Amino acid sequence: MAKLPPNLAAATFADGVKAMQSAVGAEWVFTSDPDVALYRDAYSLFHDEPEERIASAAVAPKSVEEVQAVVRICNARGIPIYPISTGRNLGYGGAAPVYSGSVVLDLKRMNRILEVNEGNCSCLVEPGVSYFDMYKHLQATGSKLWLDVPDPGWGSMIGNALDSGGGYTAAPYRGHFEAQCGIEAVLGDGELLRTGMGAMPGSQTWQQYKMGIGPCLDGLFRQSSLGIVTKMGFWLFPQPEAYLSCSVDVQRFADIDPLIELVNELEYGNIFNGMPSVTSPVLTRGNPAMFAEIPAEAEMDRLVRETGLPAWRFSVSFYGPEKVIRAQWEHVQERFAHFDGVKFRENQTVKLPIPLEDMDKIAKNRFGIPSLDIFAVGSRSPSNPEPSHGHIWFSAIIPRSGKGMVEANRVMRQECARLNIPLFMFSPAVTCWTRSFVLFAAVPVSNDPEENKRLRASVLEVIQTCAKHGWGEYRTPPAFQDAVMNSYSFNDNILRRVNERIKDALDPNGIISVGRYGIWPKRLREGRGA
Amino acid sequence: MMRAILVFGAVLFAAVSAPGLAAGEPQAQPSAENGKLVFAKWCAPCHAPNPKLAGTLALQTKYQGKIPAALEQRSDLTPELIATFVRNGVAWMAPFRKTEVSDADLADIGAYLSKRPPSKKGKAR
């Protein structure tokens, strides 16, 4: 059942809908209950509860001018709007608004690839362009460029970058917001802003230099309620000659600190450029996706002796000319040679481009090839006969050190056990970003409101526990956005307070993405939207 | 993370659907030919005949081979059933919005998968 915007006269809303129908065409304004239900978050932790975030309507403009028209219509009437790109941010809120009663601004129809610049290795796209779309385009045009893709390929390049998604290829491309270069955004009053060099009429370098002049405004649109991004540029990865993946196994608990220090030195010194990983064969022997709690040193060393499995495994990969990456791998081996009992292994060499018949031999996301393969982890299967109704992600930034990784693993594992939080993935050292680890835990959601209520309360406790240790989440579903923003509490939450000042200045009527990431317009600030 | 490797690259080259078709207006005559293209774009990444794909794996587990796990090999599908799953989702499969799969496209998928002669009217809501 669609929910009208709170505290807005029904006649004003109806008038707004009529104006939006004129602006974009009646067939692209969705108001019936079945149509609006398609904008529910399929993985909501509030499923079928009164607090579930439900839209009032959805509108799907085709152009920047139509977006501007819709924004002006809503701004004049105080109608809250919630932009989505492809609406596939599953596990972090999906297509549903943070504030019930918002009109979802569905940008899927804005799906033009405006430019691919082969010489500069960059592109400019609209929000509806998915990773599948861009891959198909690059293949069809014979491009020499690669994408960096997150796990599900149906997501929007822009939407994923704006929520700080990450991928799997070379370092400068894995952080998707970091790989952007140039944003166009519609502001709350309908004005159009271009960042960086795009602010100069006739600029020929919008996708070549991010900064432009003065304060760099790109960050205003990350996880933001300040504007609607209608274009974004990205840097793309020129296809390398070859790929090499290898691993380094070490045998003692105590090796973890020097191992990660050396991994960091080698990555920051550009000795390898592929996505590394640090895991523990002995602690993932039951299930590679479930990193067990790291035991005390003596116990872990005993487990290593008993099972014959390594204590730690550093997986390293290289992209480049084969001669060069072989020399880099040789150097990595020399640098790790002093670890007692170290074992080196070459896992895969791939010469590029990949012949079609070899596609089933490679990890597609390491080669910028989009897929939906990841969803198999939650499918009904012999090992998972009763699948869940979805999942949410817990995604904390933790220190990139052995000590930090061990501590975060233990604290999080113990908290999840204490609170009886079910997990289907626990992965303490993901490296989408080069300077920190991300601890990802995937929590299945239920269709039982009591269980979801319990899960919400439990995750809120984990957020507090992490904050006490100085670990903050980089991304979170709407159920926890206030709590996570509150945990960034230096100087009486000045981060949130400055964001609120900017919100008031740029969107004084408070219509865009109300409540997103804990930033509420003035009229709702007291109750945080309640 | 999942590292299952599957082949569906070829389907990504397929052009999909008639551009600019209104979301809420099914074509008078559903096109199985277009349905095949829409299926390739929106459904095959999980439902192609590969046992490692999410949808195919789920249906294999559910039916234990009593009926084919890959949707294109089924003979019991109706446009109504397909529309129910596309617009409501199931388990981890989230519903598809009309800006992704329009009612006309949905009717076309129905025509393609149900192997029925196309009816005069789209059955999707």
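**Salt bridges and a sheet**

Tutor: This is a predicted model. A salt-bridge network links A:Asp35, B:Arg87, B:Lys98 and B:Asp103.

Student: How far apart are the closest N and O atoms of B:Arg87 and B:Asp103?
Tutor: They're 3.0 Å apart in that salt bridge. B:Arg87 sits in helix H3 of chain B and B:Asp103 in helix H4 of chain B, so the pair ties together parts 16 residues apart in sequence.

Student: And are B:Arg87 and B:Asp103 buried or exposed?
Tutor: Both are buried.

Student: How many salt bridges does the structure hold over all chains?
Tutor: 37. One of them is between the side chains of A:Asp106 and B:Arg97, at 3.0 Å from N to O. That pair crosses between chains, from strand E4 of chain A to the loop between helices H3 and H4 of chain B.

Student: Why does A:Asp106 count as buried?
Tutor: Because its relative accessible area is 0%, and buried means under 20%. B:Arg97 is buried too, at 1%.

Student: Okay, new topic. What's the strand order in the open sheet of four strands?
Tutor: E13-E14-E12-E15 in chain A, with antiparallel pairing. E13 and E15 are the edge strands, each pairing on one side only.

Student: How many bridges join E13(A) to strand E14?
Tutor: Three. In one of the pairings, A:Val278 has A:Phe314 in E14(A) as its bridge partner.

Student: Which helix packs on the sheet?
Tutor: Helix H9 of chain A, which touches E12, E14 and E15. The direction of H9 makes about 10° with that of E12(A).

Key. Residues are numbered from 1 along each chain as its sequence is written. Chains are lettered from A and ligands numbered from 1 in the order in which they are written. This is a predicted model: local features need pLDDT of at least 70, side-chain atom pairs count only at pLDDT 80 or more; totals for chains, interfaces and linings use all residues. Side-chain values use heavy atoms; hydrogens and water are left out. Two strands pair if DSSP finds at least two bridges between them. Helices (H or I, at least four residues) and strands (E, at least two) are DSSP runs, numbered from the N terminus. Contact means heavy atoms within 4.5 Å. Axes are lines fitted to C-alpha atoms, for helices over the stretch in contact, and angles run from 0 to 180 degrees between N-to-C directions. A salt bridge is a side-chain nitrogen of Lys or Arg within 4 Å of a carboxyl oxygen of Asp or Glu. Buried means under 20% relative accessible area, exposed over 50%, partly exposed in between (1.4 Å probe, protein chains only).
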